[in-house]
Amino acid sequence: MMKPEHQIIINTLSEFLEKFPDQRFGQALLNLEINETDFVDGESIARDIYYDTDEDILHRLKSKWNRIK
């Protein structure tokens, strides 16, 4: 059975893609801060989120979504 946090993440991602259908899936992950980027020597690189908890991701996602909806 899916954890409640997973369902909220999926629902929010779906809402975002409905509102911004021109976004590619990877763009949505970055724009909702599900995946994050770091800057190293002036270059943007994806940050490894392996150790982020579902709650960490959900917190970033909700914060970002609330700012853009």
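Predicted model: local features only at pLDDT ≥ 70, side-chain atom pairs only at ≥ 80, totals over all residues.
A residue counts as buried under 20% relative accessible area, as exposed over 50%, and as partly exposed in between. Thr-37, at 35% relative accessibility, is therefore partly exposed.

## The chain as a whole

The secondary structure comes to 3 helices and 2 strands, and from the N terminus on these elements follow the order α-α-β-β-α. Taken along the principal axes, the C-alpha atoms fill a box of roughly 40 × 30 × 20 Å. Of the 69 residues in the chain, 26% are buried. Among the contacts between residues at least 6 apart in sequence, 49% join residues that are at least 24 apart.

## Packing of H1 and H3

Two packed helices are described by the angle between their axes and by the distance between those axes. For helix H1 (residues 4–19) and helix H3 (residues 54–68), the angle is about 30° and the axes are 10 Å apart. Because angles under 35 degrees count as roughly parallel, H1 is roughly parallel to H3. The crossing of the two helices is left-handed.

On the H1 side, the contact is made by Glu-5, His-6, Ile-8, Ile-9, Thr-12, Glu-15, Phe-16 and Lys-19, while H3 contributes Asp-54, Glu-55, Ile-57, Leu-58, Leu-61, Lys-62, Trp-65 and Ile-68. Sorted by class, the contact of H1 with H3 has 8 nonpolar, 2 polar and 6 charged residues.

His-6 has its place in helix H1, and its relative accessibility of 29% makes it partly exposed. His-6 and Glu-55 are 49 residues apart along the chain, and their C-alpha atoms are separated by 9.4 Å. Ile-57, by contrast, is found in helix H3 and counts as buried at 11% relative accessibility. Leaving out residues up to four places away in sequence, Ile-57 touches Ile-9, Ile-34, Ile-49 and Asp-52. Ile-57 and Ile-10 are 47 residues apart in sequence, with a C-alpha to C-alpha separation of 12 Å.

## The aromatic cluster

The count of aromatic pairs comes to 3.

| Pair | Distance between ring centres | Angle between planes | Class |
|---|---|---|---|
| Phe-16 and Phe-20 | 4.9 Å | 45° | tilted |
| Phe-16 and Trp-65 | 5.9 Å | 70° | edge-to-face |

The pair of Phe-16 and Trp-65 is edge-to-face because its planes stand at 70°, and planes over 60 degrees apart fall into that class. This pair links distant parts of the chain, with Phe-16 in helix H1 and Trp-65 in helix H3, 49 residues apart.

Phe-16, Phe-20 and Trp-65 together form one aromatic cluster.

## Strands and loops

Thr-37, the residue of the opening example, is found in strand S1 (residues 37–40). Setting aside its neighbours within four places in sequence, Thr-37 is in contact with Leu-30, Ser-44, Ile-45, Ala-46 and Arg-47. Thr-37 and Asp-48 are 11 residues apart in sequence, and the distance between them in space is 8.6 Å, C-alpha to C-alpha.

Glu-33 is found in the loop between helix H2 (25–31) and S1, and its phi is near 60°, a positive value in a residue other than glycine. At 23% relative accessibility, Glu-33 counts as partly exposed. Asp-41 lies in the loop between S1 and strand S2 (43–46); although Asp-41 is not a glycine, its phi is positive, at about 50°. With a relative accessible area of 78%, Asp-41 is exposed.

Technical notes:
Residues numbered from 1 in each chain as written. Heavy atoms only, no water. Axes fitted to C-alpha atoms, helices over the stretch in contact; angles between N-to-C directions. Helix = DSSP H or I, 4+ residues; strand = E, 2+ residues; numbered from the N terminus. Parallel < 35°, antiparallel > 145°, perpendicular 65-115°, else oblique. Left-handed = near helix turned anticlockwise from the far one by under 90°. Contact = heavy atoms within 4.5 Å. Nonpolar A, V, L, I, M, F, W, Y, C, P; charged D, E, K, R; others polar. Phe/Tyr/Trp six-rings, centres within 6.5 Å; stacked < 30°, edge-to-face > 60°. Buried < 20%, exposed > 50% of the residue type's maximum accessible area, 1.4 Å probe, protein only.
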